Amino acid sequence: TMHLSDLRLTELSPAVMSAIKSSKTLALEVADLSEKALADGMSKATDLLMYSDGKNLQSQLTTDEYKIVQQVVAKSGMPGEFAGMFKPWLVNMLLALSDCERQKVASGAAVLDMKIAEEAQKNKITVVGLESIEQQLSALGSVPEDQQLQMLKVGLKYADRADDMMETLVQMYLKRELGAAMPFQIALASQHGVSADAFEGFKTSLLVERNARMRDAAKSLLDKGEVFIAVGALHLPGQTGLVALFRDAGFTVTAVE
């Protein structure tokens, strides 16, 4: 999936609809995608989201960079003066959300994962999660802070191009060029003197350790059969992607469309 509400993504194909309806279980990254569940999870992990050791984000950025951070935080519905309290990875996530997408979600549009969950619930299919919100936040927060900061600085360079960045990633998804997303981010970073090493912690935590955890959680469901699994597209490609991990575990993996 892509965690977006774009209609080009959320209009499910006949093949996908048929697969959902013929399943007994739907497995998403997390089972509950509601705002309340996210808020509850974040309230239990404030040390991952905010500085509590006397450090602050403002002192690590230039004046111009910090002004952009304040604007991004304010657009997200939080007071801009709180921006200095947030860890770099959290601001980077807010930065990646285009104004267009933010407005659509605020008006009630469902992201793709939620749309799939809604279809499962209509058909009385059990919805489960491969991990918890707390585990997701822990993975994001475990990226070394110096790498978080470098990635944020790159993101700030493209703050005024968020819609263009999002459209580029959507086009990659629609063309099934799933393996291009991460190299695209690294290429953009290199244009501003940030090496690929800045992404190592992100890849290890998000695309190696999380993938292995999701594979392990999925195994018992796959053993029972009739399960539909929907996770972010970034988790599929590569030697540590879920496709390779399932094949290594003895499963046959083929494309259905």
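This is a predicted model: local features need pLDDT of at least 70, side-chain atom pairs count only at pLDDT 80 or more; totals for chains, interfaces and linings use all residues.
Residues are numbered from 1 along each chain as its sequence is written, and side-chain values use heavy atoms, with hydrogens and water left out.

**Salt bridges.** I took a salt bridge to be a side-chain nitrogen of Lys or Arg within 4 Å of a carboxyl oxygen of Asp or Glu, and a search of the whole structure gave 18 of them. Glu119 has such a bridge to Lys122, with the closest N and O atoms 3.3 Å apart. The two lie three residues apart in helix 8 (residues 112–122), so about one helical turn separates Glu119 from Lys122; helices are DSSP runs of H or I, at least four residues, numbered from the N terminus.

I then checked Asp164 and Arg161, whose closest N and O atoms are 2.6 Å apart in their salt bridge. Asp164 counts as partly exposed at 40% relative accessibility, and Arg161 likewise at 43%. Arg215 pairs with Asp216 at 3.0 Å between the closest N and O atoms, and Asp216 is partly exposed at 45%. I also recorded a network of salt bridges that links Glu29, Glu131, Arg210 and Arg213.

**Asp6.** I found Asp6 in the segment before helix 1 (7–10), buried at a relative accessible area of 12%. Its side chain makes a polar contact of 2.7 Å with that of Arg8, a polar contact being a pair of N or O atoms within 3.5 Å, of which, within protein, one must be able to donate a hydrogen and the other to accept it, and residues adjacent in sequence count only if both atoms are side-chain atoms.

**Nonpolar cores.** A nonpolar core is a set of buried Ala, Val, Leu, Ile, Met, Phe, Trp, Tyr and Cys residues joined through side-chain atoms within 4.5 Å. The largest has 64 residues, and Leu57 is among those with the most contacts inside it. Apart from this core I noted another, of ten residues, including Leu130 and Phe246.

Key. Buried means under 20% relative accessible area, exposed over 50%, partly exposed in between (1.4 Å probe, protein chains only).
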